[in-house]
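Please have the sequence and the model side by side while reading.

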Amino acid sequence: MIKFKDVSKEYVPGNPVVSNLNLEIKDGEFFVLIGPSGCGKTTMLKMINRLISLSSGFIYVRDKPISEYNIQELRWNMGYVLQQIALFPNMTVEENITTVPEMKKWSKTEMHDRVTELLESVGLEAKTYRNRKTSELSGGEQQRIGVLRALAADPDIILMDEPFSALDPVSRHNLQEDVAEMHKKWKKTIVFVTHDMQEAISLGSRIALMEKGEIVQIGTPEEIVSHPKNDFVRNFLKSGNIETAEVQVIQDMLNDGFVLPTKSEELMEVVLGTTQSVDQLILALSKNETVFIKNEQKIVIGKITNQQLMSYLAATIENRGDTE
């Protein structure tokens with residue numbers, strides 16, 4: 001879907017912000033760019049829709065260099081969500097959402113139906129919200145409208161630049177769930193910038209950690225949690241309290257209902273005890289689709305899959321984030 005080939009960006013000659021990047025983002029993937037401030041992640045995002053020009057190299061969308069697209073055509077096929085919501089305060093919710101569809105000459109019926117579909121997809125009643133001015137909405141509601149506006153013309157790609165960082169924890173959590181559900185439903189290719197490791201682990205199909213304009217490690221959340229490449233990655237995981245989930249993990253999963261019941265006739269790869277770390281569980285699950293656990297009496301008491309482990313980690317991270 002999106003391919004970076006030898007991409008660099010310099011604002012000052014000899015001082016690259018992004019250095020020789022090579023990367024491929026797959027069709028329908030939720031791809032997260034993460035790293036400290038100034039690492040080049042937002043520059044990388046803005047190069048995709050040509051808000052920032054490349055100094056060298058090529059970016060391809062569907063095997064075509066972005067420089068060969070009409071810029072309006074390119075951007076119409078890329079929804080864009082900012083931290084600064086940038087809605088039009090004197091316009092209604094419906095008018096904000098349909099900005100691009102109207103430019104693309106959609107009919108009034110098509111736009112009306114699309115607004116209804118989008119509002120209801122995030123739990124906002126269309127009849128109540130469509131004619132309200134955006135200045136009357138809460139911060140969380142405004143950001144929802146910003147996300148819906150990016151989706152309105154049914155683009156293939158959604159670019160999101162730290163869209164939830166200015167929200168309170170409850171609104172942020174709710175919007176993360178909304179975006180994850182919309183990605184699951186509509187299968188859009190999402191490129192998402194954040195500096196929050198908890199958010200990256202919870203949302204990403206794959207994560208790219210950046211430092212000083214270079215990609216340090218790319219992998220699934222499971223791969224990065226279980227096999228951090230270096231101290232930079234390990235420290236970034238610690239910044240999201242990821243390592244704290246490794247203590248008494250199986251017992252915690254039992255207590256919190258994340259262990260599934262099992263049948264005696266199932267073939268078993270058994271993990272003994274109740275204090276295995278996340279690393280040990282991920283290693284076992286890399287060899288088997290399911291691991292089974294025994295109690296101290298060596299009786300099988302349940303099973304764990306990758307889905308259960310990641311659900312547990314996401315819930316643990318969210319709970320810790322809410323209490324800080």
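## A pair in helix α5

Arg114 and Glu117 both belong to helix α5 (residues 108–121), where they stand three residues apart, about one turn of the helix; helices here are DSSP runs of H or I with at least four residues, numbered from the N terminus. Their side chains meet in a salt bridge at 2.9 Å, N to O, the term being used for a side-chain nitrogen of Lys or Arg within 4 Å of a carboxyl oxygen of Asp or Glu.

Arg114 counts as buried, at 11% relative accessibility, whereas Glu117 is partly exposed, with a relative accessible area of 34%. In these terms buried means under 20% relative accessible area, exposed over 50%, and partly exposed in between (1.4 Å probe, protein chains only).

## Basis of the model

The model is predicted, so local features need pLDDT of at least 70 and side-chain atom pairs count only at pLDDT 80 or more, while totals for chains, interfaces and linings use all residues. Residues are numbered from 1 along each chain as its sequence is written, and side-chain values use heavy atoms, with hydrogens and water left out.

## Other salt bridges

Within helix α11 (residues 231–239), Asp231 and Arg234 are likewise three residues apart, about one turn of the helix, and their side chains form a salt bridge at 2.8 Å, N to O. Arg234 is partly exposed, at 36% relative accessibility.

A further salt bridge joins the side chains of Arg132 and Glu136 at 3.7 Å, N to O, with Arg132 partly exposed at a relative accessible area of 25%. Arg172, Asp196 and Glu199 are linked in a network of salt bridges, and the count by this rule comes to ten salt bridges.

Notes:
Helices (H or I, at least four residues) and strands (E, at least two) are DSSP runs, numbered from the N terminus.
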